[in-house]
Amino acid sequence: MNEQQIALIKATVPILKENGVLLTRYFYERMFKHNPELKHVFNMGNQQSGKQQTALAMAVLAYAENIENPGVLMGVVDHIGHKHTSLDIRPEHYQIVGNHLISSIKEVLGDAASDELLEAWTLAYNQLAAIMSGHEAKIYTDKVNHPGGWTGWRPFIVKDRVKESEEITSFYLYPSDGGRIASHQPGQYISVRLFLPELDLLQPRQYSVSNSPNGQYYRISVKQEKGSTNPDGMISNRLHEHVQVGDTIELTSPSGNFVLEGKEQGKPQVFISGGIGQTPLLAMVEDLLTDPSADQPIVWVHGCRNEQVHAFRDRLKEIATINPQFQNHLFYEQLDQDCEHARSGIVDLQKIADKVVLEDANYYLCGPAGFIRKQYEFLKETGVDPSSIHFEEFGPASLSLN
C-alpha cells in the first residue's frame with residue numbers, strides 16, 4: 001500500500017468509531033443473504049446477541065488505526081486465529097468475506113465511497129487476510145503435528161454423562177474411530193457441532209475442556225439454559241435434553257491461547273471465576289495436581305448463585321484435602337444458613353485480599369465481561385502487574401483491558 005492509500009484508510013477511522021457496528025451488521029446480513037451456507041459455519045447466537053457484529057467492528061477499527069504497523073495486533077490475530085481454526089475456517093472463506101465487506105462499504109457509504117477508497121480498503125483487506133490465513137495455516141500445521149491431532153470435524157461418542165449440579169452436566173467424549181486424541185493445553189476449548197431442528201442449521205459452539213489431558217477423552221461441562229431461544233442456549237439445551245450416552249457428535253481439535261503459565265517456575269497460581277467460567281480453570285488446577293513435585297500455592301476463588309448450582313464442589317473439597325497448598329474461597333449470592341464454607345454475595349476480592357494478592361503470582365479470570373473487568377481492575381489497583389493477569393471471556397471478545 002502506498003502513502004495515499006494508507007492515508008485514505010486512516011481517514012475512515014472516525015467513521016468506523018461512529019458507525020462501525022452499523023457497517024458490520026449490514027455486512028453480515030448481506031453475506032448470509034448471498035451465501036446462506038455460511039450460516040452453518042458462523043455462530044448464529046452471537047449474531048442474534050450482536051456480539052459478533054461488535055467484535056468485528058472493533059477488529060476492523062483496530063486494523064485501520066494500526067494500518068502502518070499491523071504487527072502490533074499479533075496478539076489479537078492469534079486469539080482470532082484460534083477461534084477460526086476451531087470453526088474450520090479456511091482461506092477460501094476470506095475471499096467470500098472480503099467481497100461482501102468491500103461491497104458493504106460501498107453500499108453503506110454511498111457517494112462517499114470513492115473508487116480510490118474502495119481500492120485502498122481492498123488492498124488493506126487482502127493484506128489482513130494474508131496475515132490471518134498465514135497465521136491460521138501455522139496453527140493447522142501445529143495441530144496435525146501433535147500425536148492424535150487433526151483438523152476439521154471429527155466424530156466423537158458420548159460415553160458418559162454426569163450431572164454436576166442442578167444446571168451443569170458433564171459429557172465425556174471419546175473418538176469414534178478409536179484413534180488417539182491430541183493432548184490439550186489446560187484452559188483450551190473444543191468446538192461442538194450439532195444440528196438444530198428449530199433453525200434447520202448445523203451450529204458450532206465452543207466449550208472449554210474441563211479436565212486435564214489424559215490421552216483418552218475430552219470432558220465438557222455444559223450449563224443448561226432453560227427457556228432460551230438464543231441459538232447458544234438451544235445448543236446447550238439440546239446437549240442436555242437430546243444427546244445421550246452412545247450418541248455421536250462432531251468436534252474440532254483443542255484451540256485457544258488462554259492457558260496455564262509459569263507452571264515450571266513454581267509461581268503461585270490464582271484462579272478467579274464466575275458461574276460456568278470455572279470450567280477452563282478446573283482443567284488448569286487438575287493439571288497442576290498431576291505434578292508431584294509442584295508445591296506452589298494454588299488459590300481458587302469462585303462465585304455462583306447458590307450451592308445447588310455449584311458444580312464440582314465435591315471435587316474442590318477433595319483437592320483441598322489432598323493438597324495443603326490449595327485454598328478454596330467461595331461466594332454464593334444466595335447463602336443457606338447451614339452453609340459454612342462460603343461467603344454471602346458476589347465475588348469480592350477486597351474481602352480476601354491477603355489471600356489472593358501474592359508476590360509473583362499468575363492470575364486467571366474467567367466469566368462474564370463485567371465480572372472480568374471488576375476483578376482485573378481490583379488486581380491492577382492493588383499493584384498486580386497486568387502482564388500477570390490472564391482472562392478469557394466466553395464468546396467473541398468484547399474486552400480490551402490495559
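Contact means heavy atoms within 4.5 Å. The legends below describe close-up views of a predicted model.

Figure 1. Leaving out residues up to four places away in sequence, Gly 256 touches His 82, Gln 188 and Tyr 189. The relative accessible area of Gly 256 is 6%; residues under 20% count as buried, and Gly 256 is therefore buried. The view also includes Gly 81, which is 175 residues from Gly 256 in sequence, while the two C-alpha atoms are 8.7 Å apart in space.

**Figure 2. Helix H5 (residues 74-86) and the elements against which its buried residues pack.** Helix H5 has 13 residues. From its first C-alpha to its last, H5 reaches 18 Å, close to the 18 Å expected at 1.5 Å a residue. Val 77, Gly 81, His 82, Lys 83, Thr 85 and Ser 86 of H5 are buried. The partners of these buried residues are helix H7 (115-145), strand S3 (189-196) and strand S4 (201-208).

**Figure 3. The packing of helix H5 against helix H7.** The axes of H5 and H7 are 9 Å apart and form an angle of about 55°. The two helices are therefore oblique to each other, and their crossing is right-handed. On the side of H5, the contact is made by Met 74, Val 77, Asp 78, Ile 80, Gly 81, His 82, His 84 and Thr 85. On the side of H7, Ile 131, Met 132, His 135, Glu 136, Ile 139, Tyr 140 and Lys 143 take part. Sorted by class, the contact of H5 with H7 has seven nonpolar, five polar and three charged residues.

**Figure 4. Asp 88, a residue with positive phi that follows helix H5.** Asp 88 is located in the loop between H5 and helix H6 (91-109). Most residues other than glycine have a negative phi. In Asp 88, however, phi is positive, with a value near 60°. Asp 88 has a relative accessible area of 19% and is therefore buried, the cut-off being under 20%.

**Figure 5. Phe 312, in the loop between strand S8 (298-304) and helix H10 (313-322).** Phi of Phe 312 is near 65°, which is a positive value in a residue other than glycine. With a relative accessibility of 7%, Phe 312 counts as buried.

**Figure 6. The packing of helix H2 (residues 13-34) against helix H6.** An angle of about 125° separates the directions of H2 and H6, and their axes are 9 Å apart. H2 and H6 are therefore oblique to each other. The crossing of this pair is right-handed. From H2, the residues Ile 15, Leu 23, Tyr 26, Phe 27, Arg 30, Met 31 and His 34 meet their partners in H6. Those partners are Val 97, His 100, Leu 101, Ser 103, Ser 104, Ile 105, Glu 107, Val 108 and Leu 109. In the contact of H2 with H6, ten residues are nonpolar, four are polar and two are charged.

**Figure 7. Gln 5 in helix H1 (residues 3-11).** Gln 5 has a relative accessibility of 11% and therefore counts as buried. Apart from neighbours within four places in sequence, Gln 5 is in contact with Glu 119, Ala 120 and Leu 123.

Note on methods:
Residues numbered from 1 in each chain as written. Predicted model: local features only at pLDDT ≥ 70, side-chain atom pairs only at ≥ 80, totals over all residues. Heavy atoms only, no water. Helix = DSSP H or I, 4+ residues; strand = E, 2+ residues; numbered from the N terminus. Expected span 1.5 Å × (residues − 1). Buried < 20%, exposed > 50% of the residue type's maximum accessible area, 1.4 Å probe, protein only. Axes fitted to C-alpha atoms, helices over the stretch in contact; angles between N-to-C directions. Parallel < 35°, antiparallel > 145°, perpendicular 65-115°, else oblique. Left-handed = near helix turned anticlockwise from the far one by under 90°. Nonpolar A, V, L, I, M, F, W, Y, C, P; charged D, E, K, R; others polar.
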